[in-house]
Amino acid sequence: MDKTKIIVVEDNIVYCEFVCNLLAREGFRTVQAFHLSTARKLLQQTADGDIVVSDLRLPDGDGIDLLRWMRKEGRMQPFVIMTDYAEVHTAVESMKLGSLDYIPKQLVEDKLVPLLRTILKERNIGRSRMPVFARDGSAFQKIMHRIRLVAPTDMSVLIFGENGTGKEHIARQLHDKGKRAGKPFVAVDCGSLTKELAPSAFFGHVRGAFTGADSAKKGYFHEAEGGTLFLDEVGNLAPETQQMLLRAIQERRYRPIGDRADKSFNVRIIAATNENLEKAVNEKRFRQDLLYRLHDFEITVPPLRDCQEDIMPLAEFFREIANNELECKVIGFSSEARKALLTHSWPGNVRELRQKIMSAVLQAQTGLITKEHLELAMTKPTSPISFALRNDEEDKERILRALKQADGNRKVAAELLGIGRTTLYNKLEEYGLKYKFEQS
């Protein structure tokens with residue numbers, strides 16, 4: 001376990017000890033507070049990465065008062081409310097103030113540890129503090145429409161997209177906009193699961209189930225109960241694991257290793273892959289029946305090179321984040337840097353863009369990011385530029401969009417469109433398009 005501390009705020013000393021002992025057995029470090037005033041003093045000395053688990057009712061106030069004070073003071077530590085069933089409606093209100101979740105006290109023993117592990121997993125992969133950027137490009141507007149359609153259902157969703165396009169972000173959107181929001185979201189890196197480890201990882205095991213099983217372990221299906229299980233890069237699962245997973249999904253039941261009884265589950269399955277699973281089926285690398293089970297609904301995330309209108313807004317977004325994280329004062333991008341960003345093919349997609357901007361801000365420190373700061377290697381596009389001209393109506397729209405992205409620079413706009421400058425000038429004259437051009 002890392003250095004994260006769990007601040008347990010609970011006025012019932014016996015119950016507070018129970019929660020702290022529960023967490024200590026799982027390797028968590030805990031700090032106790034029996035009053036709101038004590039909790040405030042503790043929080044003034046704690047690290048940003050610590051987590052608060054608070055009772056709703058306290059002698060000198062309530063957990064929502066503590067949460068409200070924290071947010072007003074700019075303290076953004078994850079916050080979880082413990083409550084009785086009769087007060088669930090009040091706990092739901094706490095989530096509007098930024099509480100991550102609420103847990104009925106009757107379920108703390110089963111729900112609290114999986115929730116804390118999920119919070120730590122998100123932090124470890126660098127997503128817990130990353131604000132969400134709403135992309136306005138036409139491609140992502142279509143994706144958001146599909147998310148709104150399928151999120152309220154329990155249909156399984158298969159997300160296709162290259163590495164770095166943000167498939168897990170889409171999965172989280174599906175979870176957050178659905179009826180399981182507030183329940184666990186458990187992400188599984190299928191590429192890290194060998195056929196030997198997978199049964200225990202997915203279904204858990206009882207104590208003594210095999211050599212080295214000194215204690216019982218709850219699997220991913222148990223951790224995700226009531227919520228969403230996200231199978232990232234599902235195409236990497238071994239054939240034996242695919243068969244095991246298929247049976248569990250079909251029967252909605254599983255058996256922990258060494259147990260004598262099956263357990264039912266209520267989990268929504270969302271999967272993602274960067275490969276063509278139909279091709280994998282034809283090559284006998286992926287089970288067709290499992291593909292059918294995972295593929296009730298499909299969302300395809302386009303590569304960044306096909307979403308040129310999103311590149312500069314994303315770059316500015318990452319610049320602001322980098323300024324905050326690195327304590328820099330970079331104010332923007334030079335014209336050459338903008339051109340480089342817009343014409344790069346981005347084989348690593350949004351993940352690569354973020355990394356390049358973070359590195360460039362660190363190098364620049366102040367002023368403008370230059371082309372040299374970006375350190376973009378020369379790459380060849382692997383698919384046609386999305387602005388490529390097709391017919392008259394689409395031509396007009398794409399020309400204006402490309403010029404907007406290029407700040408009116410016709411040379412850069414022509415490169416985005418995949419045409420020569422002379423062709424662009426002729427098109428502008430042919431369509432009678434007016435635009436405030438930058439000299440080029």
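A residue counts as buried when its relative accessible area is under 20%. In this predicted model, Asp-310 has a relative accessible area of 3%, so Asp-310 is buried.

**Around Asp-310**

Asp-310 sits in the loop between strand 14 and helix 13. Leaving aside neighbours within four places in sequence, Asp-310 is in contact with Arg-135, Asp-136, Gly-137 and Phe-140. Val-350 is 40 residues away from Asp-310 in sequence, and the two C-alpha atoms are 9.8 Å apart in space.

**The sheet**

Strands of a sheet pair through backbone hydrogen bonds, either parallel or antiparallel. Here 5 strands form an open sheet with parallel pairing, in the order 9-10-13-8-14. Strand 9 (185–189) and strand 14 (297–300) are the edges; each has a single partner strand, so one side of each is left without a neighbour in the sheet. On average, neighbouring strands of this sheet are turned by 20° against each other, direction ignored.

Within the sheet, strand 10 (residues 228–232) and strand 13 (residues 268–273) run parallel and are joined by 4 bridges. Phe-230 stands opposite Ile-270 in strand 13. Helix 6 (residues 138–150) lies across strand 8 (157–160), strand 13 and strand 14, and runs at about 155° to strand 14.

**Two packed helices**

Two packed helices are described by the angle between their axes and the distance between the axes. For helix 18 (residues 410–417) and helix 19 (residues 421–431), the angle is about 95° and the axes are 9 Å apart. Angles of 65 to 115 degrees count as roughly perpendicular, and helix 18 and helix 19 are therefore roughly perpendicular to each other. The table lists the residues that meet.

| Helix | Residues in the contact |
|---|---|
| Helix 18 | Arg-410, Lys-411, Ala-413, Ala-414, Leu-417 |
| Helix 19 | Arg-421, Leu-424, Tyr-425, Leu-428 |

The residues of this contact divide into 6 nonpolar, no polar and 3 charged.

In soluble globular proteins, nonpolar side chains tend to be buried together. The largest nonpolar core in this model has 39 residues, of which Leu-341, Leu-353 and Ile-357 touch the most other members. Elements that give two or more residues to this core include strand 15 (329–333), helix 14 (335–343) and helix 15 (349–364), as well as helix 18 and helix 19. The largest share, 8 residues, comes from helix 13.

Beyond its neighbours within four places in sequence, Leu-341 is in contact with several residues, among them Ile-311, Phe-333, Trp-346, Leu-353 and Ile-357. Another core, of 34 residues, lies apart from this one and includes Phe-203, Ala-224, Val-267 and Leu-291.

Conventions
Residues numbered from 1 in each chain as written. Predicted model: local features only at pLDDT ≥ 70, side-chain atom pairs only at ≥ 80, totals over all residues. Heavy atoms only, no water. Pairing = 2+ DSSP bridges. Axes fitted to C-alpha atoms, helices over the stretch in contact; angles between N-to-C directions. Contact = heavy atoms within 4.5 Å. Parallel < 35°, antiparallel > 145°, perpendicular 65-115°, else oblique. Nonpolar A, V, L, I, M, F, W, Y, C, P; charged D, E, K, R; others polar. Core = buried A, V, L, I, M, F, W, Y, C linked by side-chain atoms within 4.5 Å. Buried < 20%, exposed > 50% of the residue type's maximum accessible area, 1.4 Å probe, protein only.
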